[in-house]
Amino acid sequence: MARRTRRKSRKSKSSRRRRRRQSGGSGVAQHAGDFGAVEPAAQAGGEGESEPAEHQTTQKGGRRKRKGKSKKKGKKKTRKKKRGLNPFFKLMLAAKKKGAPSFVYKGKTYKGKKHHRLGMIYKKA
C-alpha cells in the first residue's frame with residue numbers, strides 16, 4: 001500500500017527557508033536579448049549626454065537605486081491609542097521591577113520564582 005503523505009527530506013534548516021524574490025531592476029520589461037546591453041545613447045559617447053548613475057542600465061556591482069516614490073493624496077491615517085494594561089499586570093510588573101518575592105491581587109497571593117531570562121515568574125500560592 002502506498003504512503004498517503006510525503007516523507008520529509010533531511011535537508012538543513014537553511015535550505016528549508018523560503019526563498020525571496022530578487023530585488024532591484026529598472027521596472028521596464030526587458031527582452032531576452034537585452035540583458036546587460038548598453039543603450040545606444042550611452043554608446044555614442046557624446047559629452048553631457050550620459051545618464052546619471054541612477055538611470056544607467058549597466059553598473060559595476062552594487063544595487064540599483066530606486067526612484068523616489070511620489071506621495072499619494074488622500075485620507076490621513078490616525079493612529080489608534082494603545083490599550084492600557086489590566087490591574088493584575090500593572091501590579092505584577094511593578095513587583096517584577098522591584099524583585100519582590102510575592103504580591104497580592106484581589107485577596108490572592110502570587111509567589112515568584114527566579115528565571116534566568118525573564119527575571120521572575122509569578123504563580124498562585
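Which residue is the bridge partner of S102 in β2? In the predicted model described here, local features require pLDDT of at least 70 and side-chain atom pairs count only at pLDDT 80 or more, whereas totals for chains, interfaces and linings use all residues. Residues are numbered from 1 along each chain as its sequence is written, and side-chain values use heavy atoms, with hydrogens and water left out. The partner of S102 is K111, a pairing that belongs to the sheet described below.

The secondary structure of the chain comprises three helices and three strands, where helices (H or I, at least four residues) and strands (E, at least two) are taken as DSSP runs numbered from the N terminus. Along the sequence these elements follow the pattern α-α-α-β-β-β. Of the 125 residues of the chain, 7% count as buried, a class defined by a relative accessible area under 20%, with exposed meaning over 50% and partly exposed in between (1.4 Å probe, protein chains only). The accessible surface of the chain amounts to about 13,900 Å², 50% of which belongs to carbon and sulfur atoms; such areas come from the Shrake-Rupley method with a 1.4 Å probe, and for residues only the protein chains shown count as cover. Among contacts (heavy atoms within 4.5 Å) with a separation of 6 or more, 11% are between residues 24 or more positions apart.

The three strands form an open sheet in the order β1-β2-β3, with antiparallel pairing, two strands being counted as paired if DSSP finds at least two bridges between them. Because β1 (102-105) and β3 (119-124) stand at the edges, each with a single partner strand, one side of each is left without a neighbour in the sheet. From one strand to the next, the twist averages 30°.

Four bridges link β1 to β2 (residues 108-115) in the antiparallel sense; besides the pairing of S102 with K111, F103 has Y110 as its bridge partner in β2. Y110 is in turn the bridge partner of K124 in β3. Between β2 and β3, which also run antiparallel, there are six bridges, and K114 stands opposite M120 in β3.

The one formed by β1 and β2 has two residues between the strands, whereas the hairpin joining β2 to β3 passes through three residues. K106, found in the loop between β1 and β2, has a phi near 50°, a positive value in a residue other than glycine. The side of the model on which this residue is placed can be stated in terms of accessibility: K106 is exposed, with a relative accessible area of 69%.

Helix α3 (residues 87-98) contains L93 and lies across β1, β2 and β3, running at about 160° to β1; axes are lines fitted to C-alpha atoms, for helices over the stretch in contact, and angles run from 0 to 180 degrees between N-to-C directions. L93 is partly exposed, with a relative accessible area of 31%, and together with L85 and F89 makes a nonpolar surface patch of about 250 Å². Patches consist of residues with over 30% relative accessible area and no salt bridge, like charges being joined within 9 Å and nonpolar side chains (Val, Leu, Ile, Met, Phe, Trp, Tyr) within 5 Å; a salt bridge is a side-chain nitrogen of Lys or Arg within 4 Å of a carboxyl oxygen of Asp or Glu.
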